[in-house]
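Student: I have a model open and want to learn how to read it. Can we take one feature at a time?

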Amino acid sequence: MHPEEYTSNIPCDWRMNLTSQVAEYMQNRFREEIFEGPRALPNTSIPVPLLCRAERVIAVIVQAYQHPVIVNTVRHGKTLDTGASLHYQEINIPTVVLNANGNVRLWYLPGAISHAYQKDIWNSLHSLRHPLTESLNHYRPRGWRNDRELFHQAADLKGSLDLSPAWYQQGHGPPNFHPEVSKLLKSRNAHMGARGWVNDMSEFHSLLSGTLSVIHPRMYEAGREVLIRLNDLANRRDDADMRSILPIWSSIYNSVSIMVNRSTPYHIDINGREPWLDMLVTVGEYQPLDFVIPTLELRLRYMPERTSVGWDDAN
């Protein structure tokens, strides 16, 4: 789809309406700061605490925009060589990473989320304690996402979940199959807490989606359009689960992965595409660590008091 095709309206009862309001304000604030555009005024429907959080994110994006770093992509680097990563360039301030052609590869936004808001987000995960614990019992021999060895053994809360209002089940792709609501978000599993968590975190996901609207407007618009059109699919297929989850889904992304107290081995996202941007948010209390990207030969510093929000297409 081309941007001029994004003409669908968000249903009036969807949480996505707040996302659109936040996105419009954040885009206008960015233009005001960088290009001296007209003064941005927020929609009065946006809660004041959310506006303050949006202002904080915009301030960090502006810092990153003013601190570009150019890197070369190393497609066949030693992705399993931990020693080599010690010599990678380390970044510890807000930065936008570009390739030699000037295309954005990554936004690194430390400090975008306040420590107090981090605590709220972390505390929300306790409502997912049961499904997180259950996830550790679903380890697949060929997978690592729920490998017990990767989780902090002494942690009280740990596990890994994937939530989506519409995705293709493994081995059931188009054109013979249709996207479905992920298991934990189906109506019959409402008691597991995932639906409640999505509802409670709607403002947080609106904030993250608003951030995406600033750093990648075309992807934001495409994601918004896809979610709206999924409603048509749900109505055509009489999919009650999808019809009931879409109104409270406020993220432009159609899936969210939650990883609690788990380390992540080097890996490559084979389903990613260069124009797309993934999002990573870290919250909670932990020892200082590095997020290593071998294909860019970069190390991003992750500090517990400076939560980072990063987007990239290079794992």
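Student: Where do Glu33 and Arg29 sit, and how many residues apart are they?

Tutor: General idea: an α-helix has 3.6 residues a turn, so residues three or four places apart point the same way. Here, Glu33 and Arg29 are four residues apart in helix α1, so they are separated by about one helical turn. Their side chains meet in a salt bridge, 3.0 Å from N to O. A salt bridge is a side-chain nitrogen of Lys or Arg within 4 Å of a carboxyl oxygen of Asp or Glu. Helices (H or I, at least four residues) and strands (E, at least two) are DSSP runs, numbered from the N terminus.

Student: What kind of model is this, and how are residues numbered?

Tutor: This is a predicted model, where local features need pLDDT of at least 70, side-chain atom pairs count only at pLDDT 80 or more, and totals for chains, interfaces and linings use all residues. Residues are numbered from 1 along each chain as its sequence is written, and side-chain values use heavy atoms, with hydrogens and water left out.

Student: Is Arg29 buried or exposed?

Tutor: Buried means under 20% relative accessible area, exposed over 50%, and partly exposed in between (1.4 Å probe, protein chains only). Arg29 has 11% relative accessibility, so it counts as buried. Glu33 is partly exposed, at 41%.

Student: How many aromatic pairs does a search of the whole structure find?

Tutor: Rings of Phe, Tyr and Trp (its six-membered ring) pair if their centres lie within 6.5 Å; planes under 30 degrees apart count as stacked, over 60 as edge-to-face and the rest as tilted. The search finds three aromatic pairs. In one of them, Phe30 and Phe35 have ring centres 6.3 Å apart and planes at 85 degrees, so the pair is edge-to-face. Phe30 and Tyr65 are also edge-to-face, with 5.5 Å between centres and 85 degrees between planes. Phe30, Phe35 and Tyr65 form one aromatic cluster. Phe30 is buried at 9%. Phe35 is exposed at 53%, and Tyr65 is partly exposed at 36%.

Student: Which residues touch the most other members of the largest nonpolar core?

Tutor: In soluble globular proteins, nonpolar side chains tend to be buried together. A nonpolar core is a set of buried Ala, Val, Leu, Ile, Met, Phe, Trp, Tyr and Cys residues joined through side-chain atoms within 4.5 Å. The largest has 69 residues, and those touching the most other members are Met26, Ile61, Leu128, Leu163, Leu185, Trp197 and Ile258. Helix α2 (residues 48–65) gives the most to this core, nine residues. A second, separate core has 11 residues, including Ile91, Leu106, Ile293 and Leu298.

Student: What span should helix α8 have?

Tutor: The expected span of a helix is 1.5 Å times one less than its number of residues. Helix α8 (residues 217–236) has 20 residues and should span 28 Å; its end C-alpha atoms are 29 Å apart, which agrees. Among its buried residues are Met219, Tyr220 and Leu227.

Student: What is the phi of Asp238, and where is this residue found?

Tutor: Most residues other than glycine have a negative phi, and most peptide bonds are trans. Asp238 has a positive phi, near 50 degrees. This residue is found in the loop between α8 and α9, and it is exposed, at 56%.
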